[in-house]
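Please look over the sequence and the model shown here before reading the report that follows.

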Amino acid sequence: MTGRVSFPAAFLAGAALTAIFAAAALLSFVWTPHPVDGMAIAARLRPPGGAHWLGTDHFGRDVLSMLMVGARTSLAVAIVAVGFGMALGVPLGLVAAARRGGIADEIIMRGNDLVFAFPALVIAILITAVFGPSAFNAILAIGIFNTPVFARVTRGAALSLWTLDYIRAAQVAGKGQARISVEHILPNIANLLIVQGTIQFSLGILAEAALSYVGLGAQPPTPSWGRMLAEAQTMIALAPHVAIFPGLAIVLTVLGLNLVGDGLRDLTDPRLGRPR
């Protein structure tokens, strides 16, 4: 027993991919190769190379610069949306587990079923029909969709703990359900919630890209990977790089986050018996 944690290779690869895109997003706050709103019609649809490492789009904008700022948009929307869903879903799941079989449990879980009946895209359409398309409304739609996910995961994990002896001892000691949930249940399911949060984060990036693709996410002039794909779909045969690079950015970011999630699951699951 060395006391050291052995990180899976997949986890390290995923962490590296995620770190690259996170670094690009942070770097875009202070520097990009070219201004993202700088149009040069004379330089439109140039292939990668020279002054434009990843080429230019149909307006002559630098693709690399737009990808960097687009990473900022996608990651910010996904982080806030998943945080919103976790902030609502985890307390609801704890309450449902504490009141298992009661009216509160039934109301919460049937409400979750109702939300699950509407995909994030449908929720976004409903929201934008009232408030208009924007990054904030995309966050709201993705966050609402994530809420029942965290509520169900939290409830399922918490239910198995409420039958354990140390929880019964806490009840005998006079602790109420709310205090037990916060002091004993939540810390013991935190690892599971972190893993689920990582997975939902990757799905949040996909959802943001899908909403931006159909015009319901971040609006121009803010770059977005999904909208870059939408604008490039009619020029794939003429300038394939305009669609390939934002598509690769989405695929690699989601892949990296999924690898991180799988690695965290392996590291935190005692049944896998990884050496420490």
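## Overall architecture

How many helices and how many strands does the protein have? The protein, seen here as a predicted model, has nine helices and zero strands, where helices (H or I, at least four residues) and strands (E, at least two) are DSSP runs numbered from the N terminus. From the N terminus on, the order of the elements therefore reads α-α-α-α-α-α-α-α-α. Along its principal axes the C-alpha trace spans about 75 × 55 × 30 Å. Of the 276 residues, 44% are buried, a term that stands for under 20% relative accessible area, with exposed meaning over 50% and partly exposed the range in between (1.4 Å probe, protein chains only).

Residues are numbered from 1 along each chain as its sequence is written, and side-chain values use heavy atoms, with hydrogens and water left out. Because this is a predicted model, local features need pLDDT of at least 70 and side-chain atom pairs count only at pLDDT 80 or more, whereas totals for chains, interfaces and linings use all residues.

## Confidence of the prediction

The mean pLDDT of the protein, which is the predictor's confidence in each residue on a scale from 0 to 100, is 90, and 95% of the residues score at least 70. Where pLDDT is low, the predicted coordinates should not be read in detail.

## Aromatic pairs and a charge over a ring

Rings of Phe, Tyr and Trp (its six-membered ring) are paired if their centres lie within 6.5 Å, and planes under 30 degrees apart count as stacked, over 60 as edge-to-face and the rest as tilted; by this rule there are two aromatic pairs. One of them joins Phe-21 and Trp-225, edge-to-face at 5.9 Å centre to centre, with 75 degrees between the planes. Because Phe-21 lies in helix H1 and Trp-225 in helix H8, this pair ties together parts that are 204 residues apart in sequence. Phe-21 is buried, with a relative accessible area of 15%, and Trp-225 is buried as well, at 1%.

The rings of Phe-116 and Phe-145 have centres 6.1 Å apart and planes at 90 degrees, so this pair is also edge-to-face. Phe-116 belongs to helix H3 (residues 103-116) and Phe-145 to helix H5 (residues 135-161), so the pair ties together parts 29 residues apart in sequence. Here Phe-116 is partly exposed at 32% relative accessibility, and Phe-145 is partly exposed at 25%. Elsewhere, the charged end of Arg-72 sits over the ring of Phe-29, 4.5 Å from its centre, the rule being that NZ of Lys or CZ of Arg is within 6 Å of the ring centre and within 35 degrees of the ring normal.

## Cavity and pocket

On a 1 Å grid over the protein atoms alone, a cavity is a set of points where a 1.4 Å probe fits but cannot get out, and a pocket is an open set with protein on both sides within 12 Å along at least five of seven lines, while lining residues have an atom within 4 Å of a point. Grid points are joined across faces, edges and corners, and a volume is the space filled by probe spheres set on the points. There is one cavity of 30 Å³ or more, and the largest cavity holds about 50 Å³ of space. Its lining consists of Asp-57, His-58, Val-63, Met-228, Glu-231, Ala-232 and Val-242, and helix H8 (residues 225-232) gives the most to that lining, with three residues. These lining residues divide into four nonpolar, one polar and two charged, where Ala, Val, Leu, Ile, Met, Phe, Trp, Tyr, Cys and Pro count as nonpolar, Asp, Glu, Lys and Arg as charged, and the others, Gly among them, as polar.

The second largest pocket holds about 240 Å³ of space. Its lining has 13 residues, of which Phe-21, Ala-24, Leu-64, Leu-67 and Ala-249 lie nearest the centre, and it divides into 13 nonpolar, no polar and no charged. H1, H2 and helix H9 (241-268) each supply at least two residues of this lining.

## Backbone details

Most residues other than glycine have a negative phi, and most peptide bonds are trans. The peptide bond from Pro-220 to Pro-221 is cis, with omega near 10 degrees, and Pro-221 is found in the loop between helix H7 (177-213) and H8. Leu-45, in the loop between helix H1 (9-27) and helix H2 (63-98), has a positive phi near 60 degrees and is buried at 16% relative accessible area.
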